[in-house]
Amino acid sequence: MPAKNDGPEAAGPHSSKSEQTRALILETAMRLFQERGYDKTTMRAIAKEAGVSVGNAYYYFEGKEHLIQGFYDRIAAEHQAAVREVLDRETDLEARLAGVLTAWLDIARPYHEFAVQFFKNAADPDSPLSPFSPESEHAREQAISVHREVLAGSRSKVAPELRDVLPELMWLSQMGLVLYWIFDRTEGRERSYRLARRGARLTARGVSLARFRVLRPLVLEVHELFTDFLPGMTKVLPDPGRGGRESE
């Protein structure tokens, strides 16, 4: 169940106050998660630091997992807004993708230490904090939709059978960048930015090559490989090329 963002307080003239309270609880939780660690931070401690009742904290977020989902949703929304300029300006696929990836790094910069703190929870494929979990579906779909727009607005030609597959693979590539960023200790995460730009170049070349019919089955095979073997991916990214086939 997603974090609550509606209810009596969210309606009418009180909506701004409700949104402010929700944002305050979320900001407080992020700070405490970073200072104390995710496992050692309780909802009671978050409520106390935010200056709200425990019941009020639970009204907006049903638990710590929902606070993280709120964080995921906020990052996704900020990212969608941040990429508008580059997507409106560029038609070159490499430039569009590099802009999208570096924009994510810019937005995530203040949360690096927090990400390190809770990574062990998010890395568990059975955890609701996993980017592949059902609970993360909204933020995940927002992220994939950005990559759909990256591809659709570029001047690169894409075969119809790859239009759904490629954005999902591009999102998986971004997840690889996120994993690298978490452990990046270079000044300003400089190596992560370099990886984003080089990864964008490689992806653009791959998409260009995929216009050749002989290579399209390879792209579908890569997608199927991720679908079959990454934890949680069978539910997250159904294989469009599989149809009714059973797994081998």
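Glu35 is exposed, with a relative accessible area of 54%, where exposed means over 50%, buried under 20% and partly exposed in between (1.4 Å probe, protein chains only). The model is predicted, so local features need pLDDT of at least 70 and side-chain atom pairs count only at pLDDT 80 or more, whereas totals for chains, interfaces and linings use all residues. Residues are numbered from 1 along each chain as its sequence is written, and side-chain values use heavy atoms, with hydrogens and water left out.

Glu35 has a charged partner in Arg31: the two form a salt bridge whose closest N and O atoms are 3.6 Å apart. A salt bridge here is a side-chain nitrogen of Lys or Arg within 4 Å of a carboxyl oxygen of Asp or Glu. Because Arg31 and Glu35 lie 4 residues apart in helix α1 (residues 15-36), about one helical turn separates them. Arg31 is partly exposed, its relative accessible area being 35%.

Arg31 also meets the side chain of Glu49 in a salt bridge, at 3.2 Å from N to O. Glu49 counts as partly exposed, at 40% relative accessibility.

Another salt bridge joins the side chains of Arg89 and Glu90, again with a distance of 3.2 Å from N to O. Both residues are partly exposed: Arg89 has a relative accessible area of 47%, and Glu90 stands at 24% relative accessibility. Elsewhere, salt bridges that share partners join Arg31, Glu35, Arg36 and Glu49 into one network. By the rule given above, the count comes to 15 salt bridges.

The wider fold may now be considered. The protein chain has 12 helices and 0 strands; helices (H or I, at least four residues) and strands (E, at least two) are DSSP runs, numbered from the N terminus. Of the 248 residues in the chain, 44% are buried. Among contacts with a separation of 6 or more, 68% involve residues 24 or more positions apart, a contact being heavy atoms within 4.5 Å.

Two of the helices illustrate the packing. Helix α7 (residues 112-122) and helix α9 (residues 165-183) pack at an angle of about 100°, and their axes are 9 Å apart. That makes α7 roughly perpendicular to α9, the term for angles of 65 to 115 degrees. His112, Ala115, Val116 and Phe119 of α7 meet Leu179, Trp181, Ile182 and Phe183 of α9.

In helix α4 (residues 64-82) lies Gln80, which is partly exposed at a relative accessible area of 27%. Leaving aside residues up to four places away in sequence, Gln80 touches Gln142, Ser145 and Val146. Gln80 and Trp104 are 24 residues apart in sequence, and their C-alpha atoms are 9.2 Å apart in space.

Finally, the surface. The accessible surface of the protein chain comes to about 13500 Å², and carbon and sulfur atoms contribute 55% of that area. Leu209, Phe212 and Val214 form a nonpolar patch on the surface, with about 300 Å² of accessible area together. Such a patch joins nonpolar side chains (Val, Leu, Ile, Met, Phe, Trp, Tyr) within 5 Å, or like charges within 9 Å, among residues with over 30% relative accessible area and no salt bridge. Val214 is found in the loop between α10 (190-209) and α11 (216-229). Val214 is exposed, with a relative accessible area of 68%.

Technical notes: Areas by Shrake-Rupley, 256 points an atom, 1.4 Å probe, with all protein chains shown as cover. Axes fitted to C-alpha atoms, helices over the stretch in contact; angles between N-to-C directions. Parallel < 35°, antiparallel > 145°, perpendicular 65-115°, else oblique.
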